[in-house]
Each structure stands twice: as structure tokens, then as C-alpha cells.
Amino acid sequence: MASSNAAAAPRRRAPGPAPSPTGPAGDVHPVLRRATAPPAALDLLAQARAGLDEAAALETANERYATAHLAALRTAAAVLAARGRPEPTSRRRARIRSAWEVLPEIAPELTEWSALFAAGAPRRARAEAGIQGAAGNRDADDLIRDVEMFLRLVERMLVLQPVLPQPRPDPDTPPGTVRERVREVPDAG
């Protein structure tokens with residue numbers, strides 16, 4: 001049975017003002033993500049963007065497919081660079097795993113994307129080897145569109161800040177001034 005003193009124990013308060021249940025939306029303090037991804041992840045995203053632009057400009061379907069798939073791989077590598085955790089070391093050497101196998105463990109929300117691009121890896125290998133007809137025009141175009149969506153999603157995940165609610169303007173307050181709310185207390189006298 002808990003003692004009554006435990007219920008009266010002081011609670012820790014977060015620093016700063018508490019949100020007002022009746023106040024403006026500016027009183028709400030959302031939890032922000034980290035400002036940006038690490039430089040290595042940002043560099044990989046830039047390389048992926050450049051690779052995707054290059055893929056769109058190439059002429060043969062095999063080249064477009066292989067280059068777009070490489071852009072997807074660099075995008076996945078950016079996620080791993082930003083969120084990856086080193087695996088516990090063991091005496092035995094672990095088998096080498098592809099980024100598509102590791103990505104769902106680090107970012108479960110990207111599992112379907114990982115499966116999509118893992119399925120295209122053998123076709124990319126054939127296209128890079130120069131096997132005639134490894135990828136058709138439609139295959140390459142579809143992959144470029146998929147990688148574009150995947151890249152935008154990862155950029156939003158790793159880089160962009162959420163939009164914070166803006167305080168509602170008070171029609172009686174001149175622009176640029178802050179109006180404090182004061183509760184009127186009746187005089188007890």
C-alpha cells in the first residue's frame with residue numbers, strides 16, 4: 001500500500017512555460033527532431049540526387065536502370081549513416097549483408113522500399129554487366145520514378161524540420177508587439 005506522502009512528492013517540471021489549455025497555438029512546444037543528418041548522410045543524399053539526375057539523362061535502358069538503382073542504394077546508405085548502430089562485436093566474422101537487408105532493421109518504416117529495391121538488384125547486376133535487354137525502357141522509367149519518391153521520403157525523414165504552429169495574431173495588438181495576458185483578480189477589500 002502506498003503512503004500518502006508518496007502522492008504528495010513534488011513532481012519534476014519541464015523548464016519553460018506550460019501550454020495553456022485556453023491560450024493560442026503558440027503556447028504549444030512540440031518536440032523537435034535533430035536539426036539535420038550527419039554530414040556523411042547529407043553527402044550521400046547529394047550523390048543520390050546527382051545520380052538520379054544522371055540516370056534520367058542517359059540514353060540506354062540498362063544504363064538508366066543501373067544508375068537509378070545506385071542512387072537508391074546511396075539513399076539507403078544515407079539512412080544507415082544517420083541511424084545506424086554498430087553491431088556488437090563477436091569473435092566470428094559476421095557474413096556480409098546488403099544495405100537492403102540491414103535497412104528494415106534500422107528504419108522499419110522503409111521495409112517495403114527495401115524489398116522493392118532488393119528485388120531489382122539482380123537486374124541491376126545484369127544491366128551493369130552489359131547483358132542486352134536486362135532492363136527495358138519501362139523498367140528504367142519505373143525505377144527512376146520509384147527512386148525519386150524514395151529519395152524525397154528519406155530527405156524529409158533525415159533533413160527537414162517540422163513546421164511549427166504560428167501564434168494567432170491579435171487584432172487589437174499592433175504588429176511587432178507582444179501582448180501579455182493578465183488575469184483580472186477581484187479586489188478582496
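Guide: The expected span of a helix is 1.5 Å times one less than its number of residues. Helices (H or I, at least four residues) and strands (E, at least two) are DSSP runs, numbered from the N terminus. This is a predicted model, in which local features need pLDDT of at least 70, side-chain atom pairs count only at pLDDT 80 or more, and totals for chains, interfaces and linings use all residues. Residues are numbered from 1 along each chain as its sequence is written, and side-chain values use heavy atoms, with hydrogens and water left out.

Visitor: What makes up the secondary structure of the protein?

Guide: Six helices and zero strands, in the order α-α-α-α-α-α along the sequence.

Visitor: How do you know that the span of H2 agrees with its number of residues?

Guide: Helix H2 has 19 residues (39-57), which at 1.5 Å a residue should span 27 Å, and its end C-alpha atoms are 27 Å apart, so the two agree.

Visitor: Which residues of H2 are buried?

Guide: Buried means under 20% relative accessible area, exposed over 50%, and partly exposed in between (1.4 Å probe, protein chains only). Ala-41, Leu-44, Leu-45, Ala-48, Gly-51, Leu-52 and Ala-55 of H2 are buried.

Visitor: Why are the buried residues of H2 said to line one face?

Guide: The arc is taken from the directions from the helix axis to the C-beta atoms. Down the axis of H2 the buried residues fall within an arc of 125°, so they line one face of the helix. The face turned away from them carries the exposed residues Pro-39 and Ala-57.

Visitor: Why is H2 called roughly antiparallel to H6?

Guide: Axes are lines fitted to C-alpha atoms, for helices over the stretch in contact, and angles run from 0 to 180 degrees between N-to-C directions. H2 and H6 pack at about 160°, with their axes 11 Å apart. That angle makes the pair roughly antiparallel, because angles under 35 degrees count as roughly parallel, over 145 as roughly antiparallel, 65 to 115 as roughly perpendicular and the rest as oblique.

Visitor: Which residues make the contact between H2 and H6?

Guide: Contact means heavy atoms within 4.5 Å. Among them are Leu-45 and Arg-49 of H2, and Ile-144 and Glu-148 of H6.

Visitor: What makes the buried residues of H6 belong to one side?

Guide: Ala-140, Leu-143, Ile-144, Val-147, Phe-150, Leu-151, Val-154, Met-157 and Leu-158 are buried in H6. They cover an arc of only 150° around the axis, which puts them on the same side of H6.
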